[in-house]
Amino acid sequence: MTPSFSIIRKVFLVFSLFFSQLIIGQTLLFGESANSRGVAYAYGSSVYGGGVSFADFNNDGWDDLTYATDETKEVYFFQNNNGTFTQVDLGINHLNRVKQVLWVDYDNDGDKDFLATSITGINKFYRNDGNLSFTDITNTCGLFTDNLFTYGATFGDMDNDGDLDVFISNRDETFTQHNYLYRNDGGTFTDVTTSVGINLGSELSFCASFFDYDNDGDQDIYVANDKVANINRLYQNNGNGTFTDVSVSSGAGIAIDAMSTTIGDYNKDGWFDVYVTHTNGNNLLKNNGDGTFTNVAVATGTSFDSIAWGAVFLDADNDTELDLYVSGMLDGSDPNRISAAFYHNQGDGTFVIPNNIGFHNDTKSSFANAIGDVNNDGLPDIVVMNNGGENNFLWENKTITSNSWIKIKLEGVTSNKDGIGNKIEIHANGESQYRYTVCGEGYLGQNSSSEFVGLKDATNIDYIKVTWNTTGQVETINNITPNQSITIQEGNGVLSTDDENFSNLSIYPNPSDDGLFYIKNPTQESLNYRVFNILGKELTKGTFSLETSIDLSSFSSGIYLVKVSSSNKSQAYRIVKK
């Protein structure tokens, strides 16, 4: 049978688009690769779906995947082995219907701990004791142990003391449960919800994010609340351990069926914006830089106008412009509603949905999503949690481009080890971009621990500037080569391979009750050490080979910095005197 003219014309248009983009060195393209990568598994079936993490849980430099599941299955953990995933058993079992899955170093010991929230049982928290060996600390860490129908959790440092606090969002349709804010007091949590000014009413909260909306150096909290009777909440951090509700005065207190809190600077002005999904028209809250927000979703072309859930900002083609991906739920009553959308940032304040870039089968009821890098090629990939027993999507970024990139991971020393809650400025080709490190974002999502930054045709990065909120220190690293992944350690700049390799050195006990610490170095290499307080004042120093002690008993309780160095490498360690 001879193909019709209309079919031939469509084929011609597709190939014309492909080759015209190829000629200019750019073809935006995604392909679904969950099966080929070994992660074609389903969440199950649950009201409003489950969460997903794209974080590297074993710290080997490859982004792993963690899938929440309903109560008929255990949580799925997939270890990334050079681009191919293997399901692993971490001994974390017997969870109920799980919503958020988060990896976070809550105790600053250098490995990732695991939190799973639930709506049919209690939330579970597991401490990583090293080498992915876990202890269930649910009943001893200080967090509530009742079933309060928790959806989201997000970590941030509310008091800039160097450890990560947690905001927990509860959505109980009996309207009896409120949200909780817990302060991390050196590894145990204290409920400060009432004393700091968080609303104690039930507001059907799905999730929240810590971020610094007013660029004053401390972390504020934005909460997505369901139903128009419950406005979204923006809590401004007063810098003294309390918050002020500025929801109404800021314009961020929108009254919609809000599902997500997606943070990003889509217009590169240094002020972080918030994308909030809804059942009928999303909101892109542009940060005006004066304490207020304006909804520009319609003006930018990102309103979606369907039943939206998860959302994530990403620079898919490394052209320096943050694009946006939105997951949606099918609507049987209106077949014209879209189930998902990829919005390409045009760089002029508007977005468009491009055709023929690989998302034509993105037609499931989808909820959470997150970005990571499956094969460490610098192009962000997207994982999507589907509902109703459908396998989850892994939209692998197969874009053909000559654009440069950098991936940046932060490691705190005085600040929290995960580097959460800090602002990054990247300057290249006369232009700055900004990123903010968040732990628990979008709708029940967790992105890669690395920040992805597209650089277009830049052959050199003029500088990367990190503002470390705990100390207020602004650290600038000049002249960085693109197309690599780097780790910036607080106070030490970019770590080389050698810098990260005092692998056998240990400092213990940490924290210390009496201020007496020991440094042990099994290699017996001659090393120097220097001890500083949080203000950078040197307190003591010395040289050792096998083992030595540091006596801080005469100093006050708090956080201290130990810098250990040899002739060719150095590393900083954070120690705490209780």
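This report describes the overall build, selected strands, cysteines and one loop glycine of a predicted protein model.

## Basis of the model

The model is predicted: local features need pLDDT of at least 70 and side-chain atom pairs count only at pLDDT 80 or more, while totals for chains, interfaces and linings use all residues. Residues are numbered from 1 along each chain as its sequence is written, and side-chain values use heavy atoms, with hydrogens and water left out.

## Overall build

The protein comprises five helices and 46 strands. Both kinds of element are DSSP runs numbered from the N terminus, with helices (H or I) of at least four residues and strands (E) of at least two. The radius of gyration is 24 Å, close to the 25 Å that the globule rule gives for 578 residues, so the protein is as compact as a globular protein of that length. This radius is taken over C-alpha atoms, and the globule rule is 2.2 Å times the number of residues to the power 0.38. Taken along the principal axes, the box filled by the C-alpha atoms is roughly 85 × 55 × 50 Å.

Of the 578 residues, 58% count as buried; buried means under 20% relative accessible area, exposed over 50%, and partly exposed in between, for a 1.4 Å probe and protein chains only. The accessible surface comes to about 21,600 Å², and 48% of it belongs to carbon and sulfur atoms. Such areas come from the Shrake-Rupley method with a 1.4 Å probe; for residues, only the protein chains shown count as cover. Among contacts (heavy atoms within 4.5 Å) between residues at least 6 apart in sequence, 56% join residues at least 24 apart.

## An open sheet of four strands

Four strands form an open sheet in the order E19-E20-E21-E22, with antiparallel pairing. Two strands pair if DSSP finds at least two bridges between them. The edges are strand E19 (262-264) and strand E22 (293-295), each of which pairs on one side only. On average, neighbouring strands of this sheet are turned by 25° against each other, direction ignored; the axes are lines fitted to C-alpha atoms, and angles run from 0 to 180 degrees between N-to-C directions.

Within the sheet, strand E20 (residues 273-276) and strand E21 (residues 283-287) are joined by three bridges. Val 276 stands opposite Asn 283 in E21.

## Strands E32, E36 and E37

Strand E36 (residues 461-467) pairs in the antiparallel sense with strand E32 (residues 423-428) over five bridges, and Glu 425 stands opposite Lys 465 in E36. E36 also pairs in the antiparallel sense with strand E37 (residues 474-480), over six bridges. Here the bridge partner of Tyr 463 is Asn 478 in E37. The hairpin of E36 and E37 has six residues between the strands, and Gly 472 takes a positive phi near 80° in this hairpin.

## Cysteines

The structure holds zero disulfides, a disulfide being a pair of cysteine sulfur atoms within 2.5 Å. The cysteine sulfur closest to that of Cys 207 is in Cys 439, at 13 Å, too far for a bond. Cys 207 is buried at 2% relative accessibility, and Cys 439 is also buried, with a relative accessible area of 2%.

## The loop glycine Gly 388

Gly 388 lies in the loop between strand E28 (381-386) and strand E29 (393-397). With a relative accessible area of 52%, Gly 388 is exposed. Leaving aside residues up to four places away in sequence, Gly 388 touches Gly 44 and Ser 45. Between Gly 388 and Leu 102, 286 residues apart in sequence, the C-alpha to C-alpha distance is 23 Å.
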